[in-house]
Amino acid sequence: MFKWTAFPFIRISFFLSLGIILYDFHEGIWSGLPWPQIAVMFLLALVIPFWLGKPMLKGVIYLLLMVYMGGLMAMLADESAVTGHYSSFERVEGFAGVVISDQTERDHYHRYEVAISMVAQPDFLSRAHGKVFLYVKKAPDAGSHLQYGDVVAVDKNFFPVSGPKNPHEFDYRAYLKKQKIYAHAFADHSEIRKIGHEAPNSLLAQALRIRTYARQKIADWIPQQRERAILTALILGVKDYLDEDTTSAYAAAGAMHVLAVSGLHVGIVVMILSVIFQKWKETRWGNVVFTIGSVAIIWLYALVTGFTPSVMRASTMFTVIIVSSAFKQRANIYNSLGLAAFVLILYNPYVIYAVGFQLSFAAVIGIVVLHPRLYRLLDFSGRVPDYIWSITCVSIAAQVATFPLALHYFHQFPTYFLVSNLIVIPAAFLMLGGGISMLLIGSILPALGGLLGVVLQGFSWVVNELILGIKWLPYPIFDWLYFDPLDTIFTYLIMSFLVLAIWKYSYHYMVLACLVAMTLTVWLHVKSFEQGNQKRMVFYEIDGVTAIDLINGKEAVLLTDDFSEANRELIAFQVNPNRLASGLPKVDDSWQLMSNSEWVEVHSCFDLIEWDGVRVILMKHMEDYQLTHPLEADVIYFKDPQTISHEGLLPGMVLLGTGFNYYDTRSAKDKFGSMKIEARSLSQDGFLELDLNQTRPFSQRNNQLATISE
């Protein structure tokens, strides 16, 4: 029988996570409570159970307390609400702070994380706190880069990170908020002054120096760019140098976990340490040295590779296992996972939203639960066949456990993940072990390090070619697969109940699995029905491009004024998330230029779109034209200030395109506001969606266009 009492840290971590999630949806439950009331609630929650005789009631009260504590931790993690945070200051002209991260490469900038200590306003300096991303423009004559611990003064204001401007677009602002970053600043080297050096953490400073040294040595001994990028990502967790072709090839092959330092890499480090110190472990003091040394090396590796959630999870779990083994105790793998989650949540409550955190825990749980049962299905006598079967079982278990999350976040499923993992798992062991050996030996004997680099580069080239070759196989990947949060939850429930039904030979769990499967089926049919009956017009926010989706059921046409090669990828990136979530085809398969579309009438000073009773006018210019009577439409769209006109218009709404800057937008909104006409800005307010099933066209019109004369 399954007993919750055997897994305390799983219970605690689960209910803390539930509280964090509830805070995001109903933060008023926590933020409205004064500290004395909070203290009384905690005291009552701790004291009342002693007066209650029923253990179950005590357990429920304590678990509710965990939920409340989770929400409280999330509230305290929101630094923007704390007095003195930089986001509360207005008219900031500059700021000072200390660099608290390593350098990250971007196309045109170097990015740093800066902890602000002071903000400059027109007449005085004010103390402040909080973290920002500082983007420093690359320049050939820029001199040395910023280092961890550099105290800098920046003669530039920071500004809030923009939220998503198009439907179902990735919310970068929410993503950064989970990392306690609420703003960013862009500056040239001439606008930045180094005024000191104060490393906040000497241990982290030393780890980053090791990381910088290792990056430089890899660059010296691995001259080929692709192989250097792969090894830098695999050994150090630095993915700045990976090109798009390599990344997409590894993703399509289901081998991206090799490029993101994770539990696999920490496990390899532990295996290497176990082999090296095998003899030491057989003696009492040798076992103590092995335990202390292994734990120290594991956490140093975690520190050097950037403390990613997956590495911290693996480091915590392996630490528990190694320490338990030292005391001749068998570690419970589920409690080890729960303890790892608990430590990470204490460190950063919002880590539960990190994709790496979720995938890492799901993969380990899948391997622990499914691998032994799959492995016992077949018995191979030879070592090589048995090894291949074991890796295959690991791949299947991890893939089964993570595919709902992968579909939710990445919308694709690799077809040949079994083949790729047979290559990359043993290859990762050799490449990581070889890379660490190259760095350690090369630091003493540089010539030998260079020789190992040549061997490692050749081996990496072979592995990369094999992975890249998978994309030439038929149907290497299934993409355009959409899983919303409910789809993901239902799928995990079905899988969990099925595993329990088989594990416990329980009819009741099988019934539960069937009930959830029926619920999921109903939910999918409801979504399909809604998508089949949708009728919408969506105006997208795309810099310099007019893009309007005409959506009818599960068909759509994107009307655009520019679908050149230069803008095609940008348009697809902005439009496809909404297409995918709405059950529609990709942009590449359903678009029309406005000049050639059956839905567009081209006139001298404007283009007219009439679709399903909606009239949209795209203004060009009115300098040499005069209206004989008012120009009437549901939406009148001005792409830039040169096309704007205020006279003779009767729109239900005015839409301002991306060509309007902040001041042009404010002026236009004020002008149309005085005319009692609603004006919306794509740049400031984001996309505009007209749901024709909910709201019919804005204006009452006579269905006749104005006559225009020169």
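1. Let's start at a turn: β2 and β3 make a hairpin, and 3 residues sit between them. The model is a predicted one, where local features need pLDDT of at least 70 and side-chain atom pairs count only at pLDDT 80 or more, while totals for chains, interfaces and linings use all residues. Numbering runs from 1 along each chain as its sequence is written, and side-chain values use heavy atoms, with hydrogens and water left out. A word on labels: helices (H or I, at least four residues) and strands (E, at least two) are DSSP runs, numbered from the N terminus. Two strands pair if DSSP finds at least two bridges between them.

2. With β2 (residues 104-105) the pairing is antiparallel over 2 bridges, and E105 has H110 as its bridge partner in β3. Strand β1 (residues 94-99) is joined to β3 by 6 bridges, also antiparallel; there F95 stands opposite V119.

3. Two further strands join β3. Strand β5 (residues 131-137) pairs with β3 in the antiparallel sense over 7 bridges, with L134 in β5 as the bridge partner of Y112. Strand β4 (residues 125-127) is joined to β3 by 3 bridges, antiparallel again, and M118 stands opposite R127 in β4. A hairpin of 4 residues links β3 to β4.

4. What about the aromatic residues? A search of the whole structure turns up 21 aromatic pairs. Rings of Phe, Tyr and Trp (its six-membered ring) pair if their centres lie within 6.5 Å; planes under 30 degrees apart are stacked, over 60 edge-to-face, and the rest tilted. Y109 and F186 are an edge-to-face pair, 5.3 Å centre to centre with 75° between the planes. Y109 belongs to strand β3 (residues 109-120) and F186 to strand β8 (residues 181-187), so the pair ties together parts that are 77 residues apart in sequence. Y109 is partly exposed at 24% relative accessible area, and F186 is partly exposed at 26% (buried means under 20%, exposed over 50%, partly exposed in between, with a 1.4 Å probe and protein chains only).

5. Y662 and Y663 form an edge-to-face pair as well, at 5.2 Å centre to centre and 85° between the planes. Y662 is partly exposed, at 49%, whereas Y663 counts as exposed, at 58%.

6. Y109 and F186 also belong to one aromatic cluster with F133, Y135 and F159. R111 lies over the face of F133, at 4.0 Å from the ring centre. Elsewhere, K178 lies over the face of Y353, at 4.8 Å from the ring centre. The test for a charge over a ring is that NZ of Lys or CZ of Arg is within 6 Å of the ring centre and within 35 degrees of the ring normal.

7. Next, a helix pair. Helix α15 (residues 383-410) packs against helix α16 (residues 417-444) at about 115°, with the axes 9 Å apart. Axes are lines fitted to C-alpha atoms, for helices over the stretch in contact, and angles run from 0 to 180 degrees between N-to-C directions. Residues that meet in this pair include Y387, I388 and I391 from α15, and F417, L418 and N421 from α16; contact means heavy atoms within 4.5 Å.

8. Which strands make up the open sheet of 5 strands? The order is β15-β14-β13-β12-β23, with mixed pairing. Its edge strands are β15 (591-593) and β23 (688-691), each pairing on one side only, and the twist averages 15° from one strand to the next. Strand β14 (residues 555-560) runs parallel to β15, joined by 3 bridges, and T560 stands opposite L593. Helix α20 (residues 565-581) lies across β12, β13, β14 and β15, at about 150° to β14.

9. There is also an open sheet of 6 strands, ordered β16-β17-β18-β20-β21-β22, with mixed pairing. β16 (600-602) and β22 (679-681) each have a single partner strand, so one side of each is left without a neighbour in the sheet. The twist averages 25° from one strand to the next. β16 and β17 (residues 606-611) are antiparallel, joined by 3 bridges; E601 has L608 as its bridge partner.

10. Finally, check two backbone angles. Y505 is not a glycine but has a positive phi, near 50°; Y505 sits in the loop between α18 and α19 and is exposed at 77%. K676 likewise has a positive phi, near 65°, in the loop between α21 and β22, and is exposed at 78%.
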